[in-house]
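Please examine the sequence and the model shown below.

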Amino acid sequence: YLFVEIKGSGNANIALLTSPDGKNYDSKGTILDEAFHLSYPQVFKHKGEIYMLPETKGSNNVLLYKAEDFPYSWSISDTLVSNVGLKDPSLLLSEELNLLVAVDDDMKQYLFTADSLAGDWKEIENSRKAWGNETRPGGRFFKLENTWYLPVQNMSSGYGTGISLYQLKGNGSN
């Protein structure tokens with residue numbers, strides 16, 4: 001399954017492509033359509049359920065969707081962060097840390113933490129950073145040799161022109 005952003009009428013939606021071999025794909029069309037822009041879909045399994053965390057900035061909330069009938073039917077399961085429009089939310093759920101990273105329109109980075117996916121996501125005090133052209137998440141957190149990394153967009157030559165990796169250290173800083 002490959003979940004992608006697809007241009008809709010007036011906004012973008014989430015579409016699905018499937019492939020039996022990872023080379024040849026069939027479009028299954030739009031699987032998530034809202035009145036606001038959707039993009040950056042992160043699909044993951046947590047405690048036996050399948051979720052999607054897309055960018056939902058246009059709703060002025062960070063919305064979490066749960067699969068009702070995977071992969072075709074989704075409904076809002078939770079509002080992780082309210083009353084703030086954030087781009088490209090990236091989620092880390094682990095035994096040691098739950099972290100949500102996103103940026104606002106000014107590319108200021110926000111960090112939130114909670115005790116669980118369904119917990120109360122609180123902004124980490126004094127966490128809003130402007131790292132020049134490298135603040136906007138560019139992919140999922142991943143762990144390599146017991147160290148967490150976050151891809152961030154390097155926009156020194158414009159949007160979508162590069163990716164840098166930031167290592168997550170003990171206190172949540174780069």
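The model is a predicted one. Of its 174 residues, 45% count as buried, where buried means under 20% relative accessible area.

The overall dimensions come next. The C-alpha trace spans about 40 × 40 × 35 Å along its principal axes. A compact globule of 174 residues would have a radius of gyration near 16 Å, and the protein has 16 Å, so the two agree. Among contacts with a separation of 6 or more, residues 24 or more positions apart account for 34%.

Which secondary structure elements does the protein contain? There are 0 helices and 14 strands. Read from the N terminus, the elements therefore run β-β-β-β-β-β-β-β-β-β-β-β-β-β.

Three of these elements may be followed in detail. An open sheet is formed by 3 strands in the order 1-2-3, with antiparallel pairing. Strand 1 and strand 3 stand at the edges and have a single partner strand each, so one side of each is left without a neighbour in the sheet. From one strand to the next, the twist averages 40°.

Strand 2 (residues 12–18) has 6 of its 7 residues buried, and it is therefore largely enclosed by the rest of the structure. Its antiparallel pairing with strand 1 (residues 2–7) consists of 6 bridges, and leucine 17 of strand 2 is the bridge partner of leucine 2. Strand 2 is also joined to strand 3 (residues 26–32), again antiparallel, by 5 bridges. Here leucine 16 stands opposite glycine 29, and leucine 17 stands opposite serine 27.

In soluble globular proteins, nonpolar side chains tend to be buried together. In this model, the largest nonpolar core has 17 residues, of which Leu53, Val81, Leu100 and Trp121 touch the most other members. At least two residues of this core are supplied by each of strand 5 (49–55), strand 6 (61–69), strand 7 (73–82), strand 9 (98–103) and strand 10 (109–113).

Which residues does valine 81 contact, leaving aside its neighbours within four places in sequence? Valine 81 is in contact with Asn61, Val62, Leu100, Phe112 and Trp121. A second, separate core has 12 residues, including Phe3, Leu32, Met52 and Ala67.

Note on methods. Residues numbered from 1 in each chain as written. Predicted model: local features only at pLDDT ≥ 70, side-chain atom pairs only at ≥ 80, totals over all residues. Heavy atoms only, no water. Buried < 20%, exposed > 50% of the residue type's maximum accessible area, 1.4 Å probe, protein only. Helix = DSSP H or I, 4+ residues; strand = E, 2+ residues; numbered from the N terminus. Pairing = 2+ DSSP bridges. Core = buried A, V, L, I, M, F, W, Y, C linked by side-chain atoms within 4.5 Å. Contact = heavy atoms within 4.5 Å. Axes fitted to C-alpha atoms, helices over the stretch in contact; angles between N-to-C directions. Rg over C-alpha atoms; globule rule 2.2 N^0.38 Å.
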